[in-house]
Amino acid sequence: MCSPSLGDLRSTFTYLAEDLASAGFKVISADLRGHGGSTVSWPSYSADDVADDLLAIARAHDADSVVLLGNGFSGGAAVIAASKAPELVSGVILSGAVVRDVQLGPAERAMMRLATLPRLGQTLWMSYWPKLFGFEKPDNFELRRQELADNLAEPGRFAAAREMLRSSRTSAENALGQVTCPTLVLMGDQDPDFRDPTVEAQNTAARLGGPATVVMVPGAGHYPHTEDMETVVPVVVDFLGTVAPARS
């Protein structure tokens with residue numbers, strides 16, 4: 001099950017989902033609450049809430065086990081979900097995952113404060129979103145940018161992203177040591193969310209309670225799962241083969 005970062009849509013997984021389905025895996029891509037095709041006006045938008053959503057979706061599909069792939073904000077939710085339901089979550093893939101409250105510089109803090117403003121925030125987010133990519137953007141980048149802009153312009157949509165931006169990552173950080181299933185940590189070495197992406201990925205892996213593998217994706221930013229398919233797809237397929245064998 002693939003879940004995107006805040007201020008993004010499940011279409012970020014279009015190419016990856018196609019490749020994984022071709023490899024024999026059943027793939028579910030789910031929008032975050034308040035985003036995409038989800039309803040709006042949820043009572044709260046924390047990583048704990050999204051973790052519960054992911055588990056509810058898995059159970060609604062009668063899954064015996066599920067591997068959770070979380071990007072950015074959803075990475076923290078995936079960690080929490082795995083700690084809550086170890087009998088259901090057999091593996092976790094963290095793609096540019098934000099699992100703790102990272103320290104931002106003065107300029108970054110100012111940008112985040114502005115991005116949370118109701119009207120200006122949406123405009124700033126759409127100007128900032130392209131900068132989250134690394135050296136190469138996916139082939140469907142322009143289509144996805146327009147899709148995202150249209151979705152966030154709908155009533156209540158950016159409010160969800162704004163609440164997620166404001167929320168704490170403490171629950172995810174506290175849950176790291178309780179995750180005992182295998183975890184694959186994917187991180188772009190150009191991810192602007194972190195001062196040192198390599199150190200961040202290694203720190204995350206070291207704090208997990210189970211076996212963890214770190215794969216740095218050269219030249220990729222915050223969305224390595226869509227920026228460098230040649231590197232990421234084989235790594236993900238190999239990982240899934242150890243925790244969720246493909247259907248015959």
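Modeller: Buried means under 20% relative accessible area, exposed over 50%, and partly exposed in between, with a 1.4 Å probe and protein chains only. This is a predicted model, in which local features need pLDDT of at least 70 and side-chain atom pairs count only at pLDDT 80 or more, while totals for chains, interfaces and linings use all residues. Residues are numbered from 1 along each chain as its sequence is written, and side-chain values use heavy atoms, with hydrogens and water left out.

Biologist: Why is Arg 157 called buried?

Modeller: Its relative accessible area is 9%, and the limit is under 20%; therefore Arg 157 counts as buried.

Biologist: What makes Glu 154 and Arg 157 a salt bridge?

Modeller: A salt bridge is a side-chain nitrogen of Lys or Arg within 4 Å of a carboxyl oxygen of Asp or Glu. The closest N and O atoms of Glu 154 and Arg 157 are 3.1 Å apart, so the pair meets that definition.

Biologist: Why is Glu 154 called partly exposed?

Modeller: Glu 154 has 37% relative accessibility, which lies between the buried and exposed limits, so it counts as partly exposed.

Biologist: What makes Glu 200 and Arg 100 a salt bridge?

Modeller: Their closest N and O atoms are 2.8 Å apart, which is within the cut-off by definition.
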